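Subject: Structure handover

Hello,

Here is the structure for you to look over. My notes follow below it.

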Amino acid sequence: MDRTGGSGGGSDRRQTEESKPLLGEMSAPEGNKMGAAPCRRTLLHCNGMRYKLLQEGDIQVCVIRHPRTFLSKILTSKFLRRWEPHHLTLADNSVASATPTGYMENSISYSAIEDVQLLSWENAPKYCLQLTIPGGTVLLQAANSYLRDQWFHSLQWKKKIYKYKKVLSNPSRWEVVLKEIRTLVDMALTSPLQDDSIHQAPLEIVSKLLSENNNLTTQDHESIIVAIAPLLENNHPPPDLCEFFCKHCRERPRSMVVIEVFTPVVQRILKHNMACFTNFTESLLFGQDFGKCPRLRLFTQEYILALNELNAGMEVVKKFIHSMHGPTGQCPHPRVLPNLVAVCLAAIYSCYEEFINSRDNSPSLKEIRNGCQQQCDRKPNLPLRLLHTSPDLVSQEATLTESRLKPVIVTSNEIHVEVERNNTANQKMTANVGNDSEPNLIDCLMVSPTCSTMSIELSAQADRILGCYVEILKMLSDYDDWRPALASLLQPIPFPKEALAHEKFTKELKYVIQRFAEDPRQEVHSCLLSVRAGKDGWFQLYSPGGVACDDDGELFASMVRVCNNVHILMGSCYKTKKFLLSLAENKLGPCMLLALRGNQTMVEILCLMLEYNIIDNNDTQLQIISTLESTDVGKRMYEQLCDRQRELKELQRKGGPTRLTLPSKSTDADLARLLSSGSFGNLENLSLAFTNVTSACAEHLIKLPSLKQLNLWSTQFGDAGLRLLSEHLTMLQVLNLCETPVTDAGLLALSSMKSLCSLNMNSTKLSADTYEDLKAKLPNLKEVDVRYTEAW
């Protein structure tokens, strides 16, 4: 038996319904109790011309007052008394003139129009309409037959819609109402008028009818939904109708109506909604059309939950997601993914809404960072942070007990929070009031020794919703073509703090982050890093000591590997040195611990830190060396590092030429062989013009400490190599990039080379905006060649 009760045969019927295919192949079983026609009806169209619905226009008007017995005699006469030009407006209730004088001094109500007919004239080609009204006739004369017919169909439509609004506003017998709804739908489907309002108007009438009558039975619900189904195939349901559909999905999730009627409606919503916003968080939670009509999103949300209530559960949802993606490797509908993500994020947000509302009186994230207090009745006006266990914090609090009051632990809706009355800390934060950046999530989700896990208990319904929509995010991450966009959408971590503090949520979401980490594409795994400086990303959240880490750093090591892989280093990850500096400052302890356990990725990271002189402290360097030598893989890699360092010292030893020019057609291998043959510590001028070197040679160029002039004219040196040069050769003064394949992406990195005084970008893909940016950021730049570029 379904949730709303019903007849004794409900269980058998439910099994029959669920055994049917999900999308487009289902037909109602025999003996369907809906009491209506089949769900999917073929749209009927009137043959012939198509017209746009007129709302207003210019036309000639003549009004004749007469007894009806003399009408034919008057109409056959050659002359009418006079015609008046009017600009008529077809309003919702009447026909009115913009200049209410003469014949159109008073508007004509649709209820007063008894009939609308086309007239043909025998003696003159006048294109007229006849509107029969009590006590007379109104003649409308158009300029041609097309305009006459357009006015005719528009007047007929307005008159009939007005009638249906009246009839359905005060329903008495629902069987009659259902018959009128079907007639209204057929009228919309067969109308020669082509306009969005032709299908929307009946939907709005039915929507208003349902909103004003809450005593309908389930049988009436399903009959009305089936009756209006053909109009929903190409139109979004109005807000009130969405609310009605949501209620039906909640109360009868196993109904055939959900699968047969609602499936194409939801598919259309997901395919055609726009999800582009300047405010990123709002774009994800609502989407553009979802923002205008949030009930569309709620309806989509409830529909997916209804699918999850079927016996097959997530398998049905998975089939639906696959139908939205399509059978090919590339989804043909670019709006589907952003809309699905918007629905998922809004649903997940709703699971924690009770907890979020409970912190209405607590400082915002920005206020926590700035230490400011708004003029409101907040109690207490102190920084708020969530708690978890940390031995370091235990010892820290033990040593600071004399300098501050003991933390007060309070409970609000089962979220444990710690309120610190620390005047020193507050003063320190007040000094940063001008900082607009939000605090790190890690700072806001600090761990406390008072509890080992977050005490967030969701209701059974919220737990089901959370499980369903996190599972959908997992499904989305399994599609290769969707993964880059999904990673970009989730990069700002658009989840509430309460969700990130919930162990179940972060544990389930870990699969999605793992998929990002395993993807070899730079545009995917780069989204694991923070979206901007001063804001944490997934990398920090799942790092050892982070609130979401539950695997001793395995996922963290995987993320580090893709973000700093040695091969990627020469390719796309031009921020490697900055990345290593960030690791050394914030995650050196976890990196050393994982390296001590034999993690090869962390061993490579520690070796890179030594190679690039990231660590300044001698004791820390010795500790890293001891860590490396404690495992076989570490010892081997450290020995290789020492060999490279000896070669580097030999290469950089003072001596050798100050100028060097490679022969044309030389390759990266030729350059590497030459530089390894002796000392080049004095080399200041290197010309690789007209050779075949690529960005791969950058790893050798950055080892030349005295290099001041570099000529790369007509080589294949690209953006990746340029990024690496900008990070290491900060003393370079002259750079020739003429006829190289560099673009704005690489040229923008030159802004860090403050010593540049001569730069040749002739015949490159330089844009005017990038050129202006470089001029502003390179104060010593005196000679610039931008001929044959967009900036020329």
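Two aromatic rings of Phe, Tyr or Trp (its six-membered ring) pair if their centres lie within 6.5 Å; planes under 30 degrees apart count as stacked, over 60 as edge-to-face and the rest as tilted. The structure holds 15 such aromatic pairs. One is tilted, because the rings of Tyr51 and Tyr146 have planes at 40°, with centres 4.9 Å apart. This pair links distant parts of the chain, 95 residues apart. Tyr51 is in the loop between helix H1 (10-18) and strand E1 (56-65), and Tyr146 is in helix H3 (residues 145-169). Helices (H or I, at least four residues) and strands (E, at least two) are DSSP runs, numbered from the N terminus.

Before going further, the ground rules. This is a predicted model, in which local features need pLDDT of at least 70 and side-chain atom pairs count only at pLDDT 80 or more, while totals for chains, interfaces and linings use all residues. Residues are numbered from 1 along each chain as its sequence is written, and side-chain values use heavy atoms, with hydrogens and water left out.

**Overall**

The chain has 36 helices and 16 strands. Of its 792 residues, 50% count as buried. Buried means under 20% relative accessible area, exposed means over 50%, and partly exposed is in between (1.4 Å probe, protein chains only). The accessible surface of the chain comes to about 38,000 Å². Carbon and sulfur atoms hold 49% of that surface. Areas come from the Shrake-Rupley method with a 1.4 Å probe; for residues, only the protein chains shown count as cover. Contact means heavy atoms within 4.5 Å. Among contacts with a separation of 6 or more, 69% come from residues 24 or more positions apart.

**Rings and charges**

Back to the tyrosine pair. Tyr51 is buried, at a relative accessible area of 6%. Tyr146 is partly exposed, at 33% relative accessibility. Elsewhere, ring pairs link Tyr352, Phe495, Phe505, Trp538 and Tyr542 into a cluster.

Two charges also sit over rings (NZ of Lys or CZ of Arg within 6 Å of the ring centre and within 35 degrees of the ring normal). Arg82 lies over the face of Tyr103, 4.8 Å from the ring centre. The charged end of Lys163 is over the ring of Tyr164, at 4.5 Å from its centre.

**Cores**

A nonpolar core is a set of buried Ala, Val, Leu, Ile, Met, Phe, Trp, Tyr and Cys residues joined through side-chain atoms within 4.5 Å. The largest has 143 residues. Tyr352, Tyr469, Phe495 and Trp538 have the most contacts inside it. Leaving aside neighbours within four places in sequence, Tyr352 is in contact with Ile456, Leu458, Leu466, Pro496, Glu498, Ala499, His502 and Phe505. A second, separate core has 39 residues, including Leu701, Phe717, Leu735 and Val786.

**The sheet**

Two strands pair if DSSP finds at least two bridges between them. 7 strands form an open sheet, in the order E4-E3-E2-E1-E7-E6-E5, with antiparallel pairing. Strand E4 (108-109) and strand E5 (115-119) are the edges; each pairs on one side only.

E1 is joined to E2 by 6 bridges, and the two run antiparallel. Gln60 has Pro85 in E2 as its bridge partner. Glu56 stands opposite Thr89 in E2. E1 is also joined to strand E7 (residues 136-142) by 6 bridges, again antiparallel. There, Val63 stands opposite Val138.

E2 and strand E3 (residues 94-97) run antiparallel with 3 bridges. They form a hairpin, with 3 residues between them. Leu88 has Ser97 in E3 as its bridge partner.

Side chains alternate along strand E2 (residues 84-90). Glu84, His86, Leu88 and Leu90 point to one face and are buried.

Helix H20 (residues 483-490) is largely enclosed by the rest of the structure, because 6 of its 8 residues are buried. They are Arg483, Pro484, Leu486, Ala487, Leu489 and Leu490.

Pro590 lies in helix H28 (residues 588-596). Pro590 counts as buried, at 18% relative accessibility. Pro590 and Gly553 are 37 residues apart in sequence and 7.7 Å apart in space, C-alpha to C-alpha.

Best wishes
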